[in-house]
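Me: I would like to learn how to read this structure, one feature at a time. Could you give me the general idea first and then the case at hand?

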Amino acid sequence: MTRSVRIGAKRSGAWLVRHALEQLPVTHTFGIPGVHNTEIYDELSRSEKIQPVLVTHEAGAAFAADGISRTSGGTIGTLVIVPAAGLTHAMSGIGEAFLDGIPMLVISGGTRTDIPFRYQLHELDLHGILKGLTKGSWHPKTHAEIMPAIFEAYRTAVTGVPGPVFVEIPVNLQLFQETIDELPVFEPPAPPEAPEASLLDAAIDLLEKARSPGLFVGWGAVDVADDVARIAERLGAPVATTLQGLSAFSAAHSLHAGMGFSRAAVPAAENAFANCDCLLAIGTRFAEIPTGSFGCRVPENLIHVDIDPRVLGVNFPAKVAIAGDARAVVPRLLARLAERGIERPERRQKHETRISFDKKAYREEWLARKSDRVNPARFFESLRRQLGDDALMVVDDGNHTFLAAELFPVTVPRRFVSPTDFNCMGYAVPAAIGAKLAKPDLQVVAIVGDGAFLMTGLEIVTATTHQAGIAFFVFHDGELSQISQGQEIPYNRKTCTVLGEIRLEGVALATGAAFIPIGDDAGIDGGIREVLRLAGTGRSVVVDVRIDYGKRTRFTEGVVSTVLKRFPLGDKFRFVGRALVRKVTG
Ligand SMILES: Cc1ncc(C[n+]2csc(CCOP(=O)(O)OP(=O)(O)O)c2C)c(N)n1
Ligand SMILES: [Mg+2]
């Protein structure tokens, strides 16, 4: 039974939208007004709970909303946009939220339903367009349907695999009043269900018998990081994370191995999992990135825990498949391990020694690289030292993403976010802004490739307007490097991956941000200190980092070789032959 309160008064549809949003965990809306939503904007301007934020582009609105959902752990990122043009711009961010399992509430105005005319401005089948990108869409046709539609959309967004939802509010409903008898009261979704006890026992049986168990954790485990750590400690098992789930296990923990465990992982992870005979995977779909393009060896004894039953055992067969929310499953697994008194201190010690040795060697390998540009390892070391533990790092998509994953230790859950499975460039600048607006006391840094910065860098003006002090470290290498590096070997030429020359100082000037260049290793410590000081005063800073991309990440090396290995023999020869010929002929 839905609860409601009697009002028996006239209300506009826009008032109902605002009243619904005010009952939900919504703090900000992002978007751009147009004739189809100005009435909602006018209502929001009077809200004491919700701040409407103007962005420069609706993709930025969606990325900012995504940044809030990922980092707040409860607040839902929300958009208020116009139909058609606003919606298609926003689709990049909606798609990212959809493939990464991030809740998002997308509200757009809709064309009028009370006039007989077709070919209205922005008239398009919005629901058809969004079908493959959202968990559901609603199109209320009466005033009474508005609030229930928004509540149901919200519950859908946060239940099961989280994701974006869409509600179209016809502009005539927004503008005009109707008598409303009952106002529905929001009721939160039910808590996740407990998993079947027999499956938990089967999982523990496998883990107890294993000689070399390992843990693989994704974003789905981000809210149970402590319990995951206790499980790893009891089992004496190394832990690898996905890219999206990098913050689901502290890199400061002695059993933390790295991102993934294939040949595209850092040596500490590759070695720690070399003899893995039982894998406990929590909150991951074994998607392409963390598996190094499916190049990891997964043991027969796979225990796969995920909130989405459709993903269990799909890429790698699971011996025990547990469909359930990690928040319900992981504490119960830990309790059973404790009940059975399972502890393997010797195994733990062995792994810890090797992991620590491998991590040190990898770090030294990076530090040994000399150039007149900024060494990525030195940069991330200095940044880690100067940031608070609780600082948030937002990354974009590119070579810089994998450098961060390999060289920047993340220690607090939800303090590293990345556009992962939709893998959309342009994410970091707006996502960092969304996160910072929702949590003004949070120290926020973004690591952005120069190519990605060109896509959404002007959104910094929104940070300036709201005095959000964010450090935007632009890794300036002049190329779309993640792709140009991949072109180098097989093609020996970089078609369409060399960027035009950009003066980042101009972007800083245009958006009201401060500007600091870091040109070489000598400039790292002092440069970062000044950047963080300025950002602490509420001023955003564009940092021109003259980065050295001369050394490839383990990720890139590993993925290139895995993908090539999978080629049919004839094509493999063709590719290698072409590369050799081009090396000689240029
Ligand atoms: C919207 C979008 N377009 C294209 C790509 C393909 N892509 C993936 S990484 C990358 C290079 C990114 O270049 P940059 O932002 O300069 O980062 P870098 O790799 O140089 O660190 C490209 C083009 C993408 N992921 N997203
Ligand atoms: Mg680049």
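Me: Which residue of S12 does Pro 213 stand opposite?

Reply: Pro 213 stands opposite Cys 278 in S12. Helices (H or I, at least four residues) and strands (E, at least two) are DSSP runs numbered from the N terminus, and two strands pair if DSSP finds at least two bridges between them. Here S9 and S12 pair in the parallel sense over five bridges. S12 also pairs with S13 in the parallel sense, over four bridges, and there Leu 280 stands opposite Ile 303. Please keep in mind that this is a predicted model, in which local features need pLDDT of at least 70, side-chain atom pairs count only at pLDDT 80 or more, and totals for chains, interfaces and linings use all residues. Residues are numbered from 1 along each chain as its sequence is written, while chains are lettered from A and ligands numbered from 1 in the order in which they are written.

Me: Which residues lie on each side of S12, and are they buried or exposed?

Reply: In a regular strand the side chains alternate between the two faces of the sheet. A residue is buried if 20 or more other C-beta atoms lie within 10 Å of its own, exposed if 12 or fewer, and partly exposed in between, with C-beta atoms placed from the backbone. In S12, Cys 278, Leu 280 and Ile 282 on one side and Leu 279 and Ala 281 on the other are all buried, and both faces are covered. Five of the five residues of S12 are buried, so the strand is largely enclosed by the rest of the structure.

Me: Which residues have the most contacts inside the largest nonpolar core?

Reply: A nonpolar core is a set of buried Ala, Val, Leu, Ile, Met, Phe, Trp, Tyr and Cys residues joined through C-beta atoms within 7 Å. The largest one has 180 residues, and those with the most contacts inside it are Val 228 and Phe 472. Two residues are in contact if their C-beta atoms, placed from the backbone, lie within 7 Å. Leaving out residues up to four places away in sequence, Val 228 touches several residues, including Leu 215, Val 217 and Ile 282.

Me: Where is Ala 84 found, and what is its phi?

Reply: Ala 84 is found in the loop between strand S4 (77–81) and helix H4 (85–100). Its phi is positive, about 55°, although Ala 84 is not a glycine. Ala 84 counts as buried because it has 21 C-beta neighbours inside 10 Å. His 122, in the loop between strand S5 (104–110) and helix H5 (126–130), likewise has a positive phi, near 60°. With 19 C-beta neighbours inside 10 Å, His 122 counts as partly exposed.
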